[in-house]
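Here is a short briefing on one protein chain. Look over the sequence and the model, then read the points below.

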Amino acid sequence: MPQYVKRHWYNRKPHQDRNGVEWLTIPVVTKGRFEQPIDTSKSKSHGADKHWRALELAYKRAPFFDQLAPTVKAWYERADKKKRLTMSTPSF
């Protein structure tokens, strides 16, 4: 499993809003864990409410938002209950 790198795409994703590009970031516990593998990286808090609100404000007038919003919001609610940034996959 690759090593977690701060300020990399592992915990950050851009999205477009009316002011330009905004980054949605999940805070990760890094103190004393410099060479941690990605699959052991723990989030401090996923910030799902904050992320969902940013997406809702940016896209609420987009076509099909009303139809897709409940599904996407459910993804954020499930992610908010996870402790790790990713789940390790079994090796075959």
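**How the two helices pack**

The crossing of helix α1 and helix α2 is right-handed, meaning that the near helix is turned clockwise from the far one by less than a right angle. The model is predicted: local features need pLDDT of at least 70, side-chain atom pairs count only at pLDDT 80 or more, and totals for chains, interfaces and linings use all residues. Residues are numbered from 1 along each chain as its sequence is written, and side-chain values use heavy atoms, leaving out hydrogens and water.

**The helix pair**

- Helix α1 covers residues 48-59, and helix α2 covers residues 65-79.
- Their axes come within 10 Å and cross at roughly 165°. Axes are lines fitted to C-alpha atoms, for helices over the stretch in contact, with angles from 0 to 180 degrees between N-to-C directions.
- That crossing makes α1 roughly antiparallel to α2, a label for angles over 145 degrees.
- On the α1 side, the contact residues are A48, H51, W52, L55, E56 and Y59. They meet F65, A69, V72, K73 and Y76 in α2. Contact means heavy atoms within 4.5 Å.
- The residues of this contact divide into 8 nonpolar, 1 polar and 2 charged. Nonpolar covers Ala, Val, Leu, Ile, Met, Phe, Trp, Tyr, Cys and Pro; charged covers Asp, Glu, Lys and Arg; the others, Gly among them, are polar.

**The salt bridge**

- A search of the whole structure finds 1 salt bridge. The term means a side-chain nitrogen of Lys or Arg within 4 Å of a carboxyl oxygen of Asp or Glu.
- E56 pairs with R53, and their closest N and O atoms are 3.1 Å apart.
- Both residues lie in α1, 3 residues apart, about one turn of the helix.
- E56 counts as partly exposed because its relative accessibility is 24%. R53, at 43%, also counts as partly exposed. Buried means under 20% relative accessible area, exposed over 50%, and partly exposed in between (1.4 Å probe, protein chains only).

**The loop residue F64**

- F64 sits in the loop between α1 and α2.
- F64 has a positive phi of about 70°, although it is not a glycine.
- With a relative accessible area of 58%, F64 is exposed.

**The whole chain**

- The chain has 2 helices and 2 strands. Helices (H or I, at least four residues) and strands (E, at least two) are DSSP runs, numbered from the N terminus.
- From the N terminus on, the order is β-β-α-α.
- Of the 92 residues, 25% count as buried.
- Among contacts with a separation of 6 or more, 57% join residues 24 or more positions apart.

Definitions and conventions. Parallel < 35°, antiparallel > 145°, perpendicular 65-115°, else oblique.
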